[in-house]
Amino acid sequence: MSKKNPEYDFKWCPGCGDFGVKRALEMAVQQRNVELEMPMANTVVVAGIGCSGNIVHLYDGEQPFGLHGIHGRSLPISFGVKMANPDLNVVVVSGDGDFLSIGGEHIAPMAQRNLNVTAVVMDNGVYGLTKGQSSPTTDLGVITPTTPFGKLENSLNPLELYLTLGVSFVASGFSSKIKELTNLINQGMKHPGFSVVHVQSPCTTYNDTYDLLKGNAKKGIDATVHDVPESHDPSSKQAAYNLLQEEGIPLGVIYQRDESDPLDQRFNVMREKANARDLDRQIAAFQI
Amino acid sequence: MRNTDFVVRFAGEGGGGLVTSAELLAQVTSQVGYHVKTFVTFPSQIMGGPTFAQARISTSPVLSYGDQLDVLVALDREAYNTHQSEVRDGGVIIYNAEDFQLEEDEKSFGMRIDELAKSTGNPRAANMVMLGAIAYLVNMPEHYLPEYVTKRFSRGRPGDEEIIKGNIMALSLGAEEAKKSGFSLGALEDPTPPSGEQLLIKGNDALAIGAIAAGLDVFVGYPISPATTVLVYMERNLTGPGKFVYQASSEIESINAILGAGFAGKKSMTSTAGPGLSLMSEGIGLAWMAEIPTVIIDVQRGGPATGLPTKVEQSDLLVAIHPAHGDVSIPVIAVGTVEECFTGAALALNWAERYQGPVIILSDHGLSEQAQNIPKPDLSKVIVENRKVYTGNNGYERYDGVDVSPMPVPGGPGAYIANGSEHDPIGDTTHLPNRHVDMTHRRFNKLDLLKDDNYERENQDESIAIMTWGGSKGPTREAYDIMMGENQKIGWYYTMQLNPLPPQLLEELKSKELVLIPELNYLGQFAMLLRAKGVNAESITQYTGTPFKVGDLVTRIKDRIASHKKGLVNV
């Protein structure tokens, strides 16, 4: 839509990882629509504030519904959308600042509820839109405009956090590996419960980590990312923790709970058991 | 002359059955056709702490909680010390003789309440002992209470008979003690039963039922005094296909969840109090900006920050109209009676659907806990409005024009981006100056849809008028009626619709020499707003955490009018 919209004046920087994430999201939703014979109108993309959230405006081809809300609150908004209409496919697009810093408080409740939405988190280790300040995933000691003498906080390990908070599907992707990422997002959307696809999505302007992630033989840099080994058992939380203790960033499905009943299902089961009273009976209970 | 009105207060440590006793008295008397209103106040803690609960019983509709007490039941010395000055001349104090002793005086008698209860074999019958004594003092026909007890405890359970027997014995033990004391309040007028079926219901329950009657689909809330019971009611009763109710992890989650549900096509609501409203600020701005229907109930309490969680104040009006940063003017409906809790909640949902944005209901602690008899609402007369839904093709411009436009629903046609950033007609972010101007106009224009001319007015030819708002309606009306009985020249105005105000009402108010606004806050918030609109409004304020007393209002209104007139003469 926005390619043809001269009024929309936002641009991602050349080489931004978010381009790849956008492509992967578009393809994953497309695949899902074909596989499940769903119309595009069945998907709602709830966007946070930051560079990442602009995916909703830059989306190519047939448009899903979008809600571009306020900073840090895309999860609670998605909660309302999904539970208002559990038939919708609800995807959250967010960044490391939006999701893990200001919005961090919302991850645990959604995990405990096993809300059936998919969060695609674009991690560039920096606040891009406000020009390069440190984020929860910025490394200790890094100099940024708000840490002029080096960052004082250790960097967060988001994948460990998700496991610990009880997220029932945790995947790790890389914006440059679009095909694999498409597959991860698709699996996340199919997972019956709360799924987080955490994506390394470099910021070419403020935190260019491409060399670090992919490796650069000329500069003598080894790649940080590596595929999750085939021997990994994603249904084992212990195996997932062990995997995350190894060097580098594993790409693939880190953890997927076997028996995962989502909130909408739990809610329906509970409601069927509940002894409901219609409004006339409710009012009669107050009758003098 | 027979008594037509009496007020009984139970005071002591919270958790001692005080609230139950006041509510029982209200139930018993409302069942035989009296009008009733209860009032409860307690500290913000689980159990204990100084609490009181009272019931006012009358042969005519009850407007206020009652300025003076006819009977005080003081369960401990602190309660006696705190409340005894409020007992009227000729009133009676029953004190708990197991807890403390008083010197002989002409008002009080001691009763060993727990001991008497234990002697019936049911130590939990203490409130029956108290009620028995009160019934004797006010000369209630002897059969009311035993009949009520028999009906209430005939539940078809083993042991019912035992409980009934014990309770009736407790009632007569209390009555005997009262008789021995020699006190009596004189003969009681028979009830004049209100016509039509009645409910005995509290404000928060009436809010919940009003919302359900207007088609509420989704409710998400977070526990906070004094709004919690709305959430509790919804958890139990908002049921059926497509309905969803949930306890959120914070008010920030609540507001964002209900606006998500509103976006998804549902009628949604939350309830909170001041601190929660503060946390919801940004989300309310998003609902205004992205044009999403949703309703927020603010059951006001006292003070900023944690303030007075369980006291009565009306100090959230300014923040309700302007809860968010930037240019917003949130529609506000302030309910003033338990009946208005029902109608106001339904109206709020209709307003949200009609103008497609957030609506705030202001209630207060007094209304939330107060049980009152109201006519049973006729559900067939509840007006239910639904938003205009877009049914065309894709390629729709959701935010086109300056008027409210059909809203696409996810799953259906017209996919768009509901955007909290300034946006163009399809919902894409834009910073063009003209767009911001046009979209700001669009958002404010839609408020015209809410300018229903619904308001009360009496003696509109008078140049001085009273206009209160919210829960101060009852005491102010009672004060007004007293002054009308004295042939004072004052007009009466009232509306639930504080923003936007009914246009005709505003015009009338502007033509007045003086409009007096009784309101429970320090700033005189409603008077400030009216003055900004060109009304010569002056507030009569109180910020004690307690409701207005009618007698105080009469004095203060008369004083204010007198000094106004004096000022005019001097000029």
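Here is a working chat about a predicted model with chains A and B.

Student: Before we start, how are the residues and chains labelled, and what kind of model is this?

Tutor: Residues are numbered from 1 along each chain as its sequence is written, and chains are lettered from A and ligands numbered from 1 in the order in which they are written. The model is predicted, so to speak of a local feature takes pLDDT of at least 70, side-chain atom pairs count only at pLDDT 80 or more, totals for chains, interfaces and linings use all residues, and side-chain values use heavy atoms, with hydrogens and water left out.

Student: How much of chain B is buried?

Tutor: Of its 571 residues, 60% count as buried. Buried means under 20% relative accessible area, exposed over 50%, and partly exposed in between, using a 1.4 Å probe and protein chains only.

Student: Now chain A. What does that one contain?

Tutor: Chain A has 11 helices and eight strands. Its radius of gyration is 20 Å, close to the 19 Å from the globule rule for 288 residues, so chain A is also as compact as a globular protein of its length. Buried residues make up 57% of the 288, and the C-alpha trace spans about 80 × 50 × 40 Å along its principal axes.

Student: How many residues from each chain take part in the contact between them?

Tutor: 67 residues come from chain B and 49 residues from chain A, where contact means heavy atoms within 4.5 Å. The two chains bury about 4800 Å² between them, 61% of it on carbon and sulfur atoms. Buried area is the accessible area (1.4 Å probe) that two parts lose on being put together, summed over both.

Student: Which residues of chain B lose the most area to chain A?

Tutor: B:Phe244, B:Glu253 and B:Ile417 do, together 12% of what that side buries.

Student: Let's do sheets. Which strands make up the nine-strand one, and in what order?

Tutor: The order is β7(A)-β8(A)-β5(A)-β6(A)-β4(A)-β3(A)-β1(A)-β2(A)-β15(B), in an open sheet with mixed pairing. Two strands pair if DSSP finds at least two bridges between them. At the edges stand β7 (225-227) of chain A and β15 (417-419) of chain B, each with a single partner strand, so one side of each is left without a neighbour in the sheet.

Student: How is β15(B) joined to chain A?

Tutor: Three bridges join it to strand β2 (residues 65-68) of chain A, and the two run parallel. One bridge partner pair is A:His68 and B:Asn419. Helix α3 (residues 74-84) of chain A packs on the sheet, touching β1 (43-47), β2 and β3 (89-95) of chain A, and its direction makes about 175° with that of β3(A). For such angles, axes are lines fitted to C-alpha atoms, for helices over the stretch in contact, and angles run from 0 to 180 degrees between N-to-C directions.

Student: What's the seven-strand sheet like?

Tutor: That open sheet has the order β9-β8-β10-β11-β13-β12-β19 in chain B, with mixed pairing. The edges are β9 (244-247) and β19 (497-499), each with a single partner strand, so one side of each has no neighbour in the sheet.

Student: How do β8(B) and β9(B) run, parallel or antiparallel?

Tutor: They run parallel, joined by four bridges. B:Val218 has B:Phe244 as its bridge partner in β9(B).

Student: Which way do the residues of β8(B) point?

Tutor: B:Val218 and B:Val220 point one way, B:Phe219 and B:Gly221 the other way, and all are buried. In a regular strand the side chains alternate between the two faces of the sheet.

Student: Last one: where does B:Asp160 lie?

Tutor: B:Asp160 lies in helix α6 (residues 160-181) of chain B. This residue is buried, with a relative accessible area of 7%. Its C-alpha atom and that of B:Asn419 are separated by 60 Å.

Key: The radius of gyration is taken over C-alpha atoms; the globule rule is 2.2 Å times the number of residues to the power 0.38.
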